[in-house]
Amino acid sequence: MEKILFGGDYNPEQWPRDIWTEDMNLFEEAHIDTVTVGVFTWALIQSGEDTYDFSIMDEIMERLHAEKKKVCLATGTAAHPAWMAKKYPEVTRVDFEGRKHTFGQRHNSCPNSPVYQQYSQAMARKMAERYGKYDNIIAWHINNEYGGICYCDLCAKAFRNWLQAKYKTIEKLNEAWYTTFWSHHFYDWDEIVVPNALSEHYGRENVTAFQGISLDYLRFNSDSMLANFIGEKKHLKEITPDLPVTTNMMGLYKTLDYFKWAKHLDIISWDNYPPTMQSQARMALTHDLMRGLKQGQPFWLMEQTPSTTACRDVNPVKRPGVMRLWSYQAVAHGSDSVLFFQMRHSKGASEKYHGAIINHGGRNDTRVFKEVKQLGQELTLLGDAVVGARTKAKVALLFDWDSWWAVELSDGPTRHLSYQQTMIHYYQGLYKHNISIDVISIDQDLDQYDVVLAPLLHMMKEQLHQKIERFVERGGSFITTYLSGIVDENDQAILEDRPGLLKNLLGIRIDETDTLEPTVTNEICIQDGDLKGTYDCRLIFDVIQLEGAEAVAAYGKEFYAQTPVITKNRFGKGDAWYLGSQPDLPFLEKLFKKILDKHQIVCSIEAEDGVEITERHKGDKTYVFVMNHQEAETEIVLGEDYYSLLTKKSHKAGEKVKVASKDVLIFEN
Ligand code: GLA
Ligand code: ZN
């Protein structure tokens, strides 16, 4: 690719042709080179069982080709037409409460409906047959934001088949689900019903009597949607084998195991809609996760709003400079694109107030348009500089959907534990130090890392603990927390003292785990050394016995005061740390600094809090992104000589450089 892709979701089918001309002029002005089209055109194209009319897509594709725009072409299968739902009610979903949905909204198709599968695949095939010849298509965009869960009878049947394929015998299933508990023994596959509010769940999706069945249902649902993706992909690849396929993921999205999905995508792409204006760390983590899905391969930022969302209770606009800053943040973490939803404000329905590059008046002088245009210019000037560049991280965060599901499905020890919030919290402790972090699956090799952080490593699968032991033995630092190491892949307790399979590595034993309201704190007390002090911790409190490890810190309160809360165990040439409670950030930041220092992992640029720095590498070039998220101007101190790509200035090591509020600098050396 000759430059970072710039553009986004475009729905010309909603507009008369004179508006298309206006759009094209404005795209040109804003340096927009890429559009995603066809995401929601199914009903326009297919008016009945065998009646297809592609004339609108034909016109769109011709026009975009003539205008030399790159196209990310959707298969358009995320919202089935109304006639289909009327004729085949099976295509709509049944929800968690057991309510059969009628036609409406989008993403409402049952993944196991043969009718949906057949028609969505037919549509993908027809799109490929018809448009595969266009040389300006850069990728297939299959469906859109796969997600949700269906509990219909077709899914129930498919679930039983999935279970049969997985367990082979009903006895194996009974063992895996621990069905001697509460008289649940199954004698026949047909006795199994879907786990929802009518069966195993107490009103809420996370509250189940049987973790085994609920966990398997999440795996099954993720696999079912993945099968939809693979079904469409198969047709596309038959006709256009060289075109990459993607689908836009949703980042920290619990329902789909993206590590499993990633193997089937050529390009990872995702939609970044952070919940608050203070989501820098969360976004950084999510970008790192998206990059980690395919072992460091650059990804695409498929959607972000240029200004505001519309679906939340309040929808703040991105303040001046923030759209540019967050766009570069994506690039800094490995994106080769800056794409938006949407190009033009929708005229009606639920996204008419959703931010767009072009407003209802079609102006080129709004603040949003002007900021987009400025960014478009910059990215054009940047050319291919960072495109394809990789991240070299010495630090990894382990992320696992199975652990996410299992830890939140478990009754006890606390309902206040959110896997997502926990991952963000611990990531933040590292993020502050402006070092590169890979977010990786538990299947990945640890060889390239010096530090591995694994909060809530709840589920131990296969030989994971041995891999971690080898990593520590050869000199790595491993850090884990409460609720790690203790269940197997079926969410059954490992019959060992806690922390189960990590006990040996950590050199500790846990007999009790106390949990209190999140507002109640205990203390982490350290008498001497570089971590000396008293810090708050909360949520979970493991009562730890030392079995070889040393106590780094002791609790300050409760009947377990003066017993260990943080431990460290020498193991081979490395060390394994255990955090028995959730420290507030000040402690985490200090602890991680100490561990990073040990491995000489430091950022060569000195900066104050709120300034994010991260690197990408290509050939012998390093690109350093400096992003000032603060409200105030700041000053950084360079550790090396650099050329600043956006300001076109050379700087020497030791030099102090000012960075305005919300500004970005890209250094090259
Ligand atoms: C999602 C979808 C888009 C649009 C945006 C609005 O990301 O993929 O079609 O609805 O949300 O934020
Ligand atoms: Zn279904």
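## The zinc site

The four donor atoms around the zinc ion (ligand 2) make angles of 100 to 120° with one another, giving a tetrahedral site. For comparison, the ideal angle for four tetrahedral donors is 109.5 degrees. Do keep in mind that you are looking at a predicted model.

Which residues hold the metal? The protein donors are the SG atoms of Cys 110, Cys 150, Cys 152 and Cys 155, at 2.2 to 2.3 Å from the zinc ion. Along the chain, these donors are spaced as C-x39-C-x1-C-x2-C.

## What the zinc ties together

Cys 110 sits in the loop between α4 (82-87) and α5 (114-131), while Cys 152 belongs to the loop between β6 (137-141) and α6 (153-167), so this pair links parts that are 42 residues apart in sequence.

Are these two cysteines buried or exposed? Cys 110 is buried, with a relative accessibility of 0%. Cys 152 also counts as buried, because its relative accessible area is 6%, below the 20% cut-off.

The residues around ligand 1 include Phe 40, Arg 106, Asn 248, Asp 271, Tyr 273 and Phe 341. By class, its shell has five charged, three polar and three nonpolar residues.

Several side chains place an N or O atom beside an oxygen atom of ligand 1: for Glu 303 the distance is 2.5 Å, for His 354 it is 2.7 Å, and for Asn 144 it is 2.9 Å. Taken alone, ligand 1 would expose 310 Å², and the protein buries 93% of that area.

Technical notes. Residues numbered from 1 in each chain as written. Chains lettered and ligands numbered in written order. Predicted model: local features only at pLDDT ≥ 70, side-chain atom pairs only at ≥ 80, totals over all residues. Heavy atoms only, no water. Donors = N, O, S within 2.8 Å, 3.2 Å for Na, K, Ca; no water. Tetrahedral: all angles 85-135°; square planar, octahedral: opposite > 155°, others 65-115°. Helix = DSSP H or I, 4+ residues; strand = E, 2+ residues; numbered from the N terminus. Buried < 20%, exposed > 50% of the residue type's maximum accessible area, 1.4 Å probe, protein only. Near = heavy atom within 4 Å. Polar contact = N/O pair within 3.5 Å; in protein donor to acceptor, adjacent residues only side chain to side chain. Areas by Shrake-Rupley, 256 points an atom, 1.4 Å probe, with all protein chains shown as cover. Nonpolar A, V, L, I, M, F, W, Y, C, P; charged D, E, K, R; others polar.
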